[in-house]
Every structure is written in C-alpha cells, then in structure tokens.
Amino acid sequence: MEFTTEKTSNGELLTITLISKIGAENYRAQESIPVMYADAEEIRRAKTRLLSHFNQRNDAAG
C-alpha cells in the first residue's frame, strides 16, 4: 500500500493506494480521505474497504 497526500481547493487529502497483481493483470484501487478526518480508525476502515474490493476482484478472477 502506498500513502500520499494532495492539496486540493477543499483542503488536503490522504490517498491510500493498493497495487497488486491478479493473474497477469495489474490491479490498482484508491481511497481518499480528508486529512482532517484521517485518524487511525478511518485509515483502518479505508484499508479494509480496499482489501475487500481486491478480494472480491481476486475471487471473481480465480
């Protein structure tokens, strides 16, 4: 997972990116959270959503 921040006109965003392979296909998914709300619990929920999407996609491909 990769964590980056980006300044926008509405404030700063924390973007969490999951990059992996499913078979021969590269898989990339992102979740963005306003930095002011990015406490440990919100980051954990975003990571869980990303992994859930990845697992669903992986199951469908497998």
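This is a predicted model: local features need pLDDT of at least 70, side-chain atom pairs count only at pLDDT 80 or more; totals for chains, interfaces and linings use all residues.
Local features here require pLDDT of at least 70, side-chain atom pairs count only at pLDDT 80 or more, and totals for chains, interfaces and linings use all residues. Residues are numbered from 1 along each chain as its sequence is written, and side-chain values use heavy atoms, with hydrogens and water left out.

I begin with the hairpin. Strands E1 (residues 2-8) and E2 (residues 11-22) run antiparallel and are joined by 7 bridges; strands pair if DSSP finds at least two bridges between them. Helices (H or I, at least four residues) and strands (E, at least two) are DSSP runs, numbered from the N terminus. The hairpin of E1 and E2 has 2 residues between the strands. Glu2 has Thr17 in E2 as its bridge partner.

I turn next to the aromatic rings. Rings of Phe, Tyr and Trp (its six-membered ring) pair if their centres lie within 6.5 Å; planes under 30 degrees apart are stacked, over 60 edge-to-face, and the rest tilted. The count by this rule is 1 aromatic pair. The ring centres of Tyr27 and Phe54 are 5.5 Å apart with planes at 55°, so this pair is tilted. Tyr27 lies in strand E3 (residues 25-34) and Phe54 in helix H1 (residues 40-61), so far as the chain is concerned distant parts, 27 residues apart. Both Tyr27 and Phe54 are buried, that is, under 20% relative accessible area, with exposed over 50% and partly exposed in between (1.4 Å probe, protein chains only).

Finally, the surface. Phe3, in strand E1, counts as partly exposed because its relative accessibility is 42%.
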